[in-house]
Amino acid sequence: MMHMTFYWGKNVTILFSSWRTDSWLSYAISLLVCVVFAAFYQYLEDKRLKLKNMERAKKSPSSTIETPLLIPILGKRNLGKRFWLGLLFGVNSAIGYLLMLAVMSFNGGVFIAIVVGLMIGNVLFRCDEEDEDLSLDNPCACA
């Protein structure tokens, strides 16, 4: 039966019907995996933003005027770097959606594990003073 409200217990199905926990050991290991994946999500987001900022820093702000509709798609930018940035964005987005779906198992322990993992990842990878403005430049949540 699929729960539609939060519940507490060791019996949970996470993401796939084959990923079921039926003992406290398997539940604890699953929660640890959720913590690690949530922290890894923050690590990838940090790397993606730093790469994007390096690309932005290489451009001279006074030499070009950027208008969003007039930016050349196949222009002077290196397509290899754009490909890797796009791939990193896609992998990071997929991990984020998988974390969201895991929370939608409505198990309280899974929810707490993912929030703790995101907090750990934020503290370890995203709390640099010199990189504070990386995500502030764009108000979009997925920038």
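This is a short walk through one predicted model, starting with the fold and then moving to the helix packing and the core.

Some housekeeping. It's a predicted model, so local features need pLDDT of at least 70 and side-chain atom pairs count only at pLDDT 80 or more, while totals for chains, interfaces and linings use all residues. Residues are numbered from 1 along each chain as its sequence is written, and side-chain values use heavy atoms, with hydrogens and water left out.

Okay, the overall fold. The protein chain has three helices and two strands, where helices (H or I, at least four residues) and strands (E, at least two) are DSSP runs numbered from the N terminus. Going along the sequence, the pattern reads β-β-α-α-α. Of its 143 residues, 26% count as buried; buried is under 20% relative accessible area, exposed is over 50%, and partly exposed is in between, with a 1.4 Å probe and protein chains only. If you take contacts between residues at least 6 apart in sequence, 73% of them join residues at least 24 apart. Contact here is heavy atoms within 4.5 Å.

Now the helix pair. Packed helices get described by the angle between their axes and the distance between the axes. So how do α1 and α3 cross? The axes of α1 (residues 24–58) and α3 (residues 108–125) come within 7 Å, at roughly 35°. Those axes are lines fitted to C-alpha atoms over the stretch in contact, and angles run from 0 to 180 degrees between N-to-C directions. The crossing is right-handed, meaning that the near helix is turned clockwise from the far one by less than a right angle.

On the α1 side, the residues that meet α3 include Tyr27, Leu31, Val35 and Asp46. Facing them from α3 you get, among others, Val110, Ile114, Gly117 and Phe125. By class, this contact has 14 nonpolar, five polar and one charged residues. For the classes, Ala, Val, Leu, Ile, Met, Phe, Trp, Tyr, Cys and Pro are nonpolar, Asp, Glu, Lys and Arg are charged, and the others, Gly among them, are polar.

Not counting residues up to four places away in sequence, Asp46 touches Phe125 and Arg126.

Next, the helices one by one. α3 has 18 residues and reaches 25 Å from first C-alpha to last, close to the 26 Å expected; the expected span is 1.5 Å times one less than the number of residues. Buried residues in α3 include Gly108, Gly109, Ala113 and Gly121, and what covers the buried ones includes β1 (12–13), α1 and α2. For α2, the 25 residues should span 36 Å, and the end C-alpha atoms are 36 Å apart, which agrees. Its buried residues are Leu85, Leu88, Asn92, Ile95, Leu99 and Ala102, and they pack against α1 and α3.

Which residues touch the most other members of the largest nonpolar core? That core has 16 residues, and the answer is Val12, Val110 and Ile114. A nonpolar core means buried Ala, Val, Leu, Ile, Met, Phe, Trp, Tyr and Cys joined through side-chain atoms within 4.5 Å. The largest share of this core, six residues, comes from α1. Beyond its neighbours within four places in sequence, Val12 contacts residues including Trp19, Tyr27 and Val110.

Last, two loop residues. Leu15 is in the loop between β1 and β2 (20–21), and Phe106 is in the one between α2 and α3.
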